[in-house]
Amino acid sequence: MNSAAEMSWLTPTLQSILSKAGEQRLAHATLVTGPKGIGKLCCLQSAAASLLCESLDACGKCKSCELIASGSHPDLLLLKPEEEGKALKVDAIRAVGDFAQRSSHAGGARIIILNQAHALNVNASNALLKTLEEPPAHVKFIFATTEIRKVPVTVLSRCQRFDLR
């Protein structure tokens, strides 16, 4: 897997997300759009790593960064459809609400990455809305999509948008 540092075209978007976070202006829900294969998920994972890092720069050395590298950080949840081209199932989205309500393992942020937000069906979108409308403190949603027109308007309207080109 490539890192965002190896994909220079991700740098401006990643820096913008982290800058807004540093200024306390990052919305509770962020949407990154762009063509398939451009590195959206890598960008989201890098943003999450920085937001969860003890020094806020994805140092790679702290306990949080070690947990992210091992794929077992308790404050990070990654969701995507089980199969390419399939919808995100409502049961998985319901688990987001449960995850968001738990307290943070490290006392900081909890990050939910939802890859392929356009795969939300009506039931999954409705299940996500309650948590999006009343997000718990320190919970950040980071969505990615290749098909912005398929993202439910009710979700889209609650997101701060970043476009990768």
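## Basis of the model

Residues are numbered from 1 along each chain as its sequence is written, and side-chain values use heavy atoms, with hydrogens and water left out. The model is predicted: local features need pLDDT of at least 70, side-chain atom pairs count only at pLDDT 80 or more, and totals for chains, interfaces and linings use all residues.

## Fold and dimensions

The protein has six helices and five strands. Both are DSSP runs, numbered from the N terminus: helices are H or I with at least four residues, strands are E with at least two. Read from the N terminus, the order is α-β-α-α-β-α-β-α-β-α-β.

The radius of gyration is 15 Å, which agrees with the value near 15 Å for a compact globule of 165 residues. This radius is taken over C-alpha atoms, and the globule rule is 2.2 Å times the number of residues to the power 0.38. Along the principal axes, the C-alpha atoms fill a box of roughly 40 × 35 × 30 Å. Contact here means heavy atoms within 4.5 Å. Among contacts with a separation of 6 or more, 75% join residues 24 or more positions apart.

## Surface and charge

Of the 165 residues, 47% count as buried. Buried means under 20% relative accessible area, exposed means over 50%, and partly exposed lies in between (1.4 Å probe, protein chains only). The accessible surface comes to about 8900 Å². Carbon and sulfur atoms hold 51% of that surface. The areas come from the Shrake-Rupley method with a 1.4 Å probe; for residues, only the protein chains shown count as cover.

The protein carries 19 positive and 15 negative charges, and their mean positions are 5 Å apart. Lys and Arg count as positive, Asp and Glu as negative; His and the chain ends are not counted. Each charge is placed at NZ of Lys, CZ of Arg, CG of Asp or CD of Glu.

## Nonpolar cores

A nonpolar core is a set of buried Ala, Val, Leu, Ile, Met, Phe, Trp, Tyr and Cys residues joined through side-chain atoms within 4.5 Å. The largest has 23 residues. Leu114, Leu120, Leu128, Phe141, Phe143 and Val155 touch the most other members. At least two residues each come from β1 (29-33), α4 (90-101), β3 (110-115), α5 (122-133) and β4 (139-145). Helix α4 gives the most, with four residues. Another core, of 22 residues, lies apart from this one; Ala4, Leu26, Val32 and Ala144 are among its members.

Leu120 touches Leu88, Ile93, Leu114, Ser125, Leu128, Pro152 and Val155, with residues up to four places away in sequence not counted. Ile93 sits in helix α4. Ile93 counts as buried, at 1% relative accessibility. Beyond residues up to four places away, Ile93 touches Leu79, Leu114, Leu120, Ala124, Ala127 and Leu128. Leu52 is 41 residues from Ile93 in sequence and 22 Å away in space, C-alpha to C-alpha.

Lys80 lies in the loop between β2 (76-79) and α4. Leaving out residues up to four places away in sequence, Lys80 touches Leu88 and Asn115. Lys80 and Thr145 are 65 residues apart in sequence and 11 Å apart in space, C-alpha to C-alpha.

Gln116 is in the loop between β3 and α5. Its relative accessibility is 15%, so Gln116 counts as buried.

Leu56 belongs to the loop between α2 and α3. Leu56 is exposed, at 59% relative accessibility. Its contacts, leaving aside neighbours within four places, are with Ser50 and Leu51. Gly22 is 34 residues from Leu56 in sequence and 8.7 Å away in space, C-alpha to C-alpha.

Ala58 is in the loop between α2 (40-52) and α3 (63-70). Ala58 has phi near 50 degrees, a positive value in a residue other than glycine. Ala58 is partly exposed, at 34% relative accessible area. His138 is in the loop between α5 and β4. Phi of His138 is also positive, near 70 degrees. His138 is exposed, with 57% relative accessible area.
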